[in-house]
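The following exercises are to be worked with the sequence and the coordinates at hand. Each task is followed by a solution in steps.

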Number of protein chains: 2
Amino acid sequence: MKSLHRPDLWCWSEFNAERNLDFHSYFWQRPEGNVVIDPLPVSEHDDAHLTSLGGVAWILISNADHTRAASVMQARWGAKLAAPKGDAQLPDWQGLSVHSWMSADQLLPCGIRCLGLQGSKTPGELAFVLPPGDTLYCGDLVRGQHAGTLNLLPPARLVDPRLAAESVRKLANLLDISTVLVGDGWPVFTVGSQALRALADRLRID
Amino acid sequence: MKSLHRPDLWCWSEFNAERNLDFHSYFWQRPEGNVVIDPLPVSEHDDAHLTSLGGVAWILISNADHTRAASVMQARWGAKLAAPKGDAQLPDWQGLSVHSWMSADQLLPCGIRCLGLQGSKTPGELAFVLPPGDTLYCGDLVRGQHAGTLNLLPPARLVDPRLAAESVRKLANLLDISTVLVGDGWPVFTVGSQALRALADRLRID
């Protein structure tokens, strides 16, 4: 796995030829049990790396479209899985054991704060703010097709572009976000809040 | 290939398990003939993408240790190859047709300015400033092991750490570098000059 901006965070990636961008999954090492977010398949090398860092206690899924290789990871580690309550009615959880349904504005026991995103391709998508509050994860609605900036899912994939823009404005109001990790595309490091505000401004103009 | 911060720049990447980082190669589309820098092997998908963007006219190699898949790319496209003059005596150019030896401070016909780096693992390593001057490429001496910041090659691989630090200070004096593209690790977007200055300051303190 690749180092990120903090020594407790790592990621692994997979190039998606259809979209010409990388998909990413994230690993957060913590004494109380490690957390992975939206896990892609793991190579033998990264499995050994994960193991050396203490394995996986929890899997967080940001939206029903991002279950990815969660079932394999759950079988491998016996990890508990948390999923968005607003997506509970979708069929994507079959074959997974969901231990916890996460709601908008919920503070998880691990310290992650869940933020509800609306207008995206599923009704329950959540963004995650990692403690101490410097790092935001967006699985699907907000992405990094072009390095150094953020963009939305293509309009054709948005259920409600107006609500999506409102959700971005909410994210842009978060203070002190240095890093926006994304499920799809280039993450933004150092200038996270600035990139969120720029996206919110572009959506206002559009 | 993946979009970068400008519509004329793309990259493709390969995870390196030994170092737990991505290696990158870059593609610059230009009307007078496209340029690639330090090319890794190209997938079938990216070959089709390269073809759709007009193929490859020139291959630039930043140092003798980064010839990578240049011979395959040269055979595929009949591309001309430019290499650092200061590395000309090294054996790595066997099997390649070098059309041009690049020197420190040279302005190439394509508009790229070459900057000499000293103290690195080869004597002739060059960094490249792409026109109009917003984007710097560092192949080896400067890299991005930890996202959002830049670091040097490990000390054991530096021929002369003092000269290497001097070279970084020279890069840190470049104005208006928004992006530092790297051969190894995370590129830095938006805050390139700031990251270079931070690295130069750290080396001064160390």
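**Exercise 1. Relation of the chains**

Which rotation, and what shift along its axis, superposes chain B on chain A?

Solution. The model is a predicted one. Step 1: chain B is brought onto chain A by a rotation of 180°, with 0.0 Å of shift along the axis and an RMSD of 0.0 Å. Step 2: this is the relation of a two-fold axis. Step 3: the interface residues can then be compared; 100% of those in chain B are also interface residues in chain A, so the copies meet through the same surface.

**Exercise 2. Extent and composition of the interface**

**Exercise 3. Polar contacts and salt bridges between the chains**

State how many residue pairs are in polar contact and how many salt bridges cross the interface, then locate one of these bridges.

Solution. Step 1: 12 residue pairs across the interface of chain B and chain A are in polar contact, both residues being at pLDDT 80 or more.

Step 1: side chains of opposite charge can pair when their charged atoms come close. A salt bridge requires the nitrogen and the carboxyl oxygen to be within 4 Å, and two such bridges are found across the interface of chain B and chain A. Over all chains the count comes to 26 salt bridges. Step 6: in one of the bridges, the side chains of B:D22 and A:K2 meet at 2.7 Å, N to O. This pair crosses from strand 3 of chain B, which holds B:D22, to strand 1 (residues 2-3) of chain A, which holds A:K2.

**Exercise 4. Overall form of chain A**

How many helices and strands does chain A have?

Solution. Step 1: chain A has four helices and 13 strands. Step 2: its radius of gyration is 16 Å, close to the 17 Å that the globule rule gives for 206 residues, so chain A is as compact as a globular protein of that length. Step 3: along the principal axes, the C-alpha atoms of chain A fill a box of roughly 45 × 35 × 35 Å.

**Exercise 5. Backbone exceptions**

Which peptide bond of chain A is cis, and where is A:R68 found?

Solution. Step 1: most residues other than glycine have a negative phi, and most peptide bonds are trans. Step 2: the bond from A:P131 to A:P132 is cis, with omega near 5°. A:P132 lies in the loop between strand 9 (126-130) and strand 10 (135-138) of chain A. Step 3: in chain B, the bond from B:P131 to B:P132 is cis, with omega near 10°. Step 4: A:R68 is not a glycine, yet has a positive phi of about 45°. A:R68 is found in the loop between strand 5 (58-60) and helix 2 (70-77) of chain A.

Note on methods
Residues are numbered from 1 along each chain as its sequence is written. Chains are lettered from A and ligands numbered from 1 in the order in which they are written. This is a predicted model: local features need pLDDT of at least 70, side-chain atom pairs count only at pLDDT 80 or more; totals for chains, interfaces and linings use all residues. Side-chain values use heavy atoms; hydrogens and water are left out. A polar contact is a pair of N or O atoms within 3.5 Å; within protein, one must be able to donate a hydrogen and the other to accept it, and residues adjacent in sequence count only if both atoms are side-chain atoms. Copies are superposed by least squares on the C-alpha atoms of residues with pLDDT of at least 70 in both. Contact means heavy atoms within 4.5 Å. Helices (H or I, at least four residues) and strands (E, at least two) are DSSP runs, numbered from the N terminus. The radius of gyration is taken over C-alpha atoms; the globule rule is 2.2 Å times the number of residues to the power 0.38.
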